[in-house]
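Subject: Structure handover

Hello,

Here is the structure I promised to pass on. Please open it first, then read my notes below.

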Amino acid sequence: MKFVIASDLHGAAPAVHALMERIDQETPDRVLLLGDLLYHGPRNDLPEGYAPKEVLATLNGIAERIVAVRGNCDAEVDQMVLDFPCLSDFSQVWADGHLLHLSHGHLAGNSPDQPPALPQGSALLTGHTHIKRLELVDGVMFVNPGSTSIPKDGCASYAVYENGAFALKTLDGETLLEAGWE
């Protein structure tokens, strides 16, 4: 099973087009989106190429492959234009015997600071901070793919899950860090 994991797109069309190129090259089974898809949010400046209508059309083009959760900048109106569910606070996906718990990371009980109870060998996938993270803590992998559009740690990024391991990558496809449970 292979997933491309991205978060904090914030309506930035150039970043989403770069992500789509990565998706085409990675050929994942599913695309996991961890929230903040269309709106830039009141605390963020407009990202380069802010074009939410273009982003929604691009995402709707792969709607059947997307599993998405709601971020703090996502609203009910977004669901009216997106062709895939995006308003759940969390979702879970099983892959290769591992439970992957998806959340934006802004709500208590679904954040890295207050994680849900997950068994060892699971992963907590969150966004929200715009800062990449790939760390095994007490048998649970904490994964934050960073932000595709407004990175707060130097470079736009996404993550890939494949065969029990994660990789953090730049939007140019360069691998920054890899880790698994082994």
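A57 sits in helix α2. Keep in mind that this is a predicted model.

Is A57 buried, partly exposed or exposed? Its relative accessibility is 49%, so A57 counts as partly exposed. The cut-off for exposed is over 50%. A57 and D83 are separated by 26 residues in sequence, yet their C-alpha atoms are 9.3 Å apart in space.

Other residues of α2 are buried: V55, L56, T58, L59 and N60. Their cover includes α1, β2, β3 and α3 (76-81).

Take L59 next. Leaving out residues up to four places away in sequence, L59 touches L9, V16, L33, I66 and F84. L59 also belongs to the largest nonpolar core, which has 28 residues. L59 is among the residues with the most contacts inside that core, together with L9, L19, L33, L37, I66 and F84. β1, α1, β2, α2, β3 (66-68) and β9 supply at least two residues each. The most comes from α1, with 6 residues.

Now helix α1 itself. After α1 comes T27, with a positive phi near 50 degrees.

The buried residues of α1 are A13, A15, V16, L19, M20, R22, I23 and E26. Among the elements covering them are β1 (2-6), β2 (30-33), α2 (52-60), β9 (157-162) and β10 (165-170).

Last, the pockets. The largest pocket has a volume of about 150 Å³. Which residues line the largest pocket? They are D36, G41, P42, R43, N44, N72, C73, H128, T129, H130 and K152. By class, this lining has 2 nonpolar, 6 polar and 3 charged residues.

That is the tour. Over to you.

Best wishes

Conventions: Residues are numbered from 1 along each chain as its sequence is written. This is a predicted model: local features need pLDDT of at least 70, side-chain atom pairs count only at pLDDT 80 or more; totals for chains, interfaces and linings use all residues. Side-chain values use heavy atoms; hydrogens and water are left out. On a 1 Å grid over the protein atoms alone, a cavity is a set of points where a 1.4 Å probe fits but cannot get out, and a pocket is an open set with protein on both sides within 12 Å along at least five of seven lines; lining residues have an atom within 4 Å of a point. Grid points are joined across faces, edges and corners, and a volume is the space filled by probe spheres set on the points. Ala, Val, Leu, Ile, Met, Phe, Trp, Tyr, Cys and Pro count as nonpolar, Asp, Glu, Lys and Arg as charged, and the others, Gly among them, as polar. Buried means under 20% relative accessible area, exposed over 50%, partly exposed in between (1.4 Å probe, protein chains only). Helices (H or I, at least four residues) and strands (E, at least two) are DSSP runs, numbered from the N terminus. Contact means heavy atoms within 4.5 Å. A nonpolar core is a set of buried Ala, Val, Leu, Ile, Met, Phe, Trp, Tyr and Cys residues joined through side-chain atoms within 4.5 Å.
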